[in-house]
Amino acid sequence: MTDSKLKTDIDRIGKTMSRYRVLAKSRIITRLVIGRAAPDLDIGYIDIVESIGRITRKGGEVTIGTVAEQMCIDPSRASRAVAHLVERDIVSRGVSQLDARRAVIFLTEKGQTFLREKIKTKLGLIEQLLADWPEEDIAKFSELYSCFLDDFERVAAEEAAKPENKQAP
């Protein structure tokens, strides 16, 4: 591949990422789900619910600190967000099975239902978007997109860990 072609492809990826960010900010999937599964839930807390579900599925315990870390917010803001979700019966607090001194956060049945509905809606939309794609292209896109985001997360974590990028308490 020539340098010119590589630069053109990288530029296209950058522009495509910008287009996706605009679409993602519209929160179309979340808006579709909120009306059906949790009409009283503030749209700003959806990412926290998803994060709690993801960590729990991997077998991890979720704490206020975990939420703060995953969402790149300070612990006091994470605590307020969790309190908001507790009030709406989306999450509940419990005691860690690993350390009884530590409080952990669980999705309630309502939270699990909401998350299942969100995942179902998201996968349905993706299926609709890819309906006319050849299976080989879907497989290739799936692999490449996953690799791209794995590397993106790795670089983001490396950057966040640098002393000059840490926020003062």
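Predicted model: local features only at pLDDT ≥ 70, side-chain atom pairs only at ≥ 80, totals over all residues.

Biologist: At what angle do the axes of helix 3 and helix 6 cross?

Modeller: The axes of helix 3 and helix 6 (residues 109–129) cross at roughly 95° and come within 10 Å. Axes are lines fitted to C-alpha atoms, for helices over the stretch in contact, and angles run from 0 to 180 degrees between N-to-C directions.

Biologist: Which residues make the contact of helix 3 with helix 6?

Modeller: Helix 3 supplies Ile46, Val49, Glu50, Gly53 and Arg57, and helix 6 supplies Gly111, Phe114, Leu115, Lys118, Ile119 and Lys122; contact means heavy atoms within 4.5 Å. By class, there are five nonpolar, two polar and four charged residues. Ala, Val, Leu, Ile, Met, Phe, Trp, Tyr, Cys and Pro count as nonpolar, Asp, Glu, Lys and Arg as charged, and the others, Gly among them, as polar.

Biologist: Why is helix 4 called roughly perpendicular to helix 5?

Modeller: The axes of helix 4 (residues 64–71) and helix 5 (residues 75–87) cross at roughly 110° and come within 8 Å. That angle makes helix 4 roughly perpendicular to helix 5. Ile64, Val67 and Ala68 of helix 4 meet Pro75, Ala78, Ser79 and Val82 of helix 5. This contact divides into six nonpolar, one polar and no charged residues.

Biologist: What makes Arg102 and Glu61 a salt bridge?

Modeller: The term requires a side-chain nitrogen of Lys or Arg within 4 Å of a carboxyl oxygen of Asp or Glu. The closest N and O atoms of Arg102 and Glu61 are 2.9 Å apart, and the pair forms a salt bridge. Arg102 lies in the loop between strand 1 (91–95) and strand 2 (103–107), and Glu61 in the loop between helix 3 (46–57) and helix 4, 41 residues apart. The whole structure has 11 salt bridges.

Biologist: How are helices and strands identified, and how many does the chain have?

Modeller: They are DSSP runs numbered from the N terminus: helices are H or I of at least four residues, strands E of at least two. The chain has seven helices and two strands, in the order α-α-α-α-α-β-β-α-α.

Note on methods: Residues numbered from 1 in each chain as written. Heavy atoms only, no water. Parallel < 35°, antiparallel > 145°, perpendicular 65-115°, else oblique.
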